[in-house]
Amino acid sequence: MIRLHRVAVAGLLSAAALMACSEESARELLVDPQFAPGGSTNVNLDQCANDPRTDPCTWQNGNLNGNNSVYAEGLAVPFRLALEGLAAGAHSININYDFTAGGHKAYDFLASVDATELVNICAPGGGGRSSLCDMGGGSNTTMPGIVPTSTMAFGGDAFVVDGKSVDGAIADGGVPTNLTIYNGMITGISTVSHAGPTAGNSTGNVVVNFTSTGGDVAFAWSGHLAKSSYWNGPGDPDGAGEVSGAPWHMRTQNLTVNGVEQGAKNQDRSIQPSAIIEDPTIAISKEVVTDSISAGDTLEFKINVWNEGPGDALNVTLEDTLPNGGLTWFEVADPEGACVIGTGAASEEILACSFGTLMPDDTVMITVGAVTSADDCGQVPNLAHATAGGEVSADQTVTAGDTATVLCPSVMIDKEALTDTVSAGDTISFKVLVWNPGPGD
């Protein structure tokens with residue numbers, strides 16, 4: 001067969017002889033890599049549309065927008081890259097992403113493919129589904145059908161903008177930051193290089209070096225959507241949710257095979273601003289109306305819950321286990337009529353409120369009170385917890401507390417006879433002195 005191939009290549013085999021080849025031999029001739037040097041590697045990049053987030057996201061070659069995705073700042077967009085027909089040897093590829101778009105942070109760092117989203121590497125759709133998924137006798141679409149052979153961390157990024165570093169964003173994100181390869185071995189990932197003005201459009205870029213024994217290779221990672229809560233300037237949100245107008249991009253570029261750059265193999269996928277759902281930031285404060293009161297007076301705590309935006313706060317609730325010790329609590333002010341005071345499992349009184357949805361800058365205020373007694377002398381601490389969710393992110397819980405002081409009196413008495421000894425018939429007199437050194441009335 002080898003000799004037959006050589007004759008065919010040399011043009012010495014007649015058409016009749018080729019006709020005489022068996023079907024199997026002809027098929028082997030057509031797929032033999034000796035006859036397809038270069039130009040046989042196919043590259044395809046998919047990204048994940050994650051609506052609804054209760055299911056593994058849907059892979060697609062196209063762009064993400066508000067019709068197929070519900071991402072928020074702090075989430076990470078998954079990507080899968082299929083390299084088909086790759087020759088054996090040492091190779092490299094660049095992962096290039098828009099760090100800023102229109103002056104706002106877009107993808108601030110690269111993370112693991114499943115950092116925040118439900119992902120099935122072998123799910124159908126798009127063009128980046130690796131043929132490795134079909135190994136073992138058929139398509140596996142319910143769970144990944146291929147096992148990663150190498151994982152390597154992207155590493156840090158000391159790049160600083162407006163006094164804040166990408167390393168700080170990585171720590172604030174709290175997500176894994178690994179690149180995964182299937183059917184290959186990652187041998188190195190460069191540090192991130194940045195190009196372009198961060199006040200406009202700029203990029204980040206890493207070079208990935210890897211080896212393959214030949215055939216198909218796949219990669220998986222994600223792009224982290226920059227959080228305004230980290231990148232904010234004073235009163236100036238600066239995360240991915242602030243990008244408007246044009247989309248921003250994730251690209252794979254400059255694939256080299258055994259040191260030879262492959263032309264026309266670059267891939268580019270974008271995400272539209274409409275795919276970003278802005279999350280709320282829930283906040284709470286609690287304070288004693290009067291820091292110190294005398295026993296017998298009414299102790300009051302005022303609780304404020306509000307939404308700092310930019311998104312709507314959904315299913316906002318408040319819970320406050322009120323101080324025990326014989327106090328009987330009541331609502332002093334509940335403008336929304338959203339609260340009740342009930343009894344908990346340990347016989348403590350619990351304030352529970354449901355406020356529904358709070359729009360950005362909406363505030364609710366609750367005041368609770370209790371009449372104190374001499375049994376309540378000293379400090380009376382109290383904590384309240386508010387919880388809310390956004391359309392995309394997990395629920396947020398915030399806590400605030402304050403301590404009141406109940407001042408009790410320390411009544412004292414003294415009594416003395418004005419004259420120790422008197423004669424019968426004289427008037428006897430006693431002087432009684434009652435006083436309160438405090439501190440309470």
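This is a predicted model: local features need pLDDT of at least 70, side-chain atom pairs count only at pLDDT 80 or more; totals for chains, interfaces and linings use all residues.

Visitor: How many helices and strands in the protein?

Guide: Five helices and 29 strands. Helices (H or I, at least four residues) and strands (E, at least two) are DSSP runs, numbered from the N terminus.

Visitor: And what share of the residues is buried?

Guide: 43% of the 441 residues. Buried means under 20% relative accessible area, exposed over 50%, partly exposed in between (1.4 Å probe, protein chains only).

Visitor: Which strands does β1 pair with?

Guide: β3 and β2. β1 and β3 run antiparallel, joined by six bridges. β1 and β2 (residues 58-60) are also antiparallel, over three bridges. Two strands pair if DSSP finds at least two bridges between them.

Visitor: Which residues are bridge partners there?

Guide: Leu 45 partners Leu 81 in β3. Cys 48 partners Trp 59 in β2. As for cover, six of the eight residues in β1 (residues 42-49) are buried.

Visitor: Arg 80, buried or exposed?

Guide: Buried, at 2% relative accessible area. Arg 80 sits in β3 (residues 76-86).

Visitor: What does its side chain reach?

Guide: The Arg 80 side chain reaches the backbone oxygen of Gly 125, at 2.7 Å.

Visitor: New topic. Which residues have the most contacts inside the largest nonpolar core?

Guide: Phe 219, Trp 221 and Trp 248, in a core of 57 residues. Its largest share, six residues, comes from strand β14 (residues 215-225). A second, separate core has 32 residues, including Ile 293 and Phe 355. A nonpolar core is a set of buried Ala, Val, Leu, Ile, Met, Phe, Trp, Tyr and Cys residues joined through side-chain atoms within 4.5 Å.

Visitor: Last one. Where is Asp 362?

Guide: In the loop between β24 (349-358) and β25 (363-371). Asp 362 is partly exposed, at 31% relative accessible area.

Visitor: What does Asp 362 touch?

Guide: Val 305, Trp 306 and Asn 307, not counting residues up to four places away in sequence. Contact means heavy atoms within 4.5 Å. Asp 362 and Glu 308 are 54 residues apart in sequence and 8.0 Å apart in space, C-alpha to C-alpha.

Key
Residues are numbered from 1 along each chain as its sequence is written. Side-chain values use heavy atoms; hydrogens and water are left out. A polar contact is a pair of N or O atoms within 3.5 Å; within protein, one must be able to donate a hydrogen and the other to accept it, and residues adjacent in sequence count only if both atoms are side-chain atoms.
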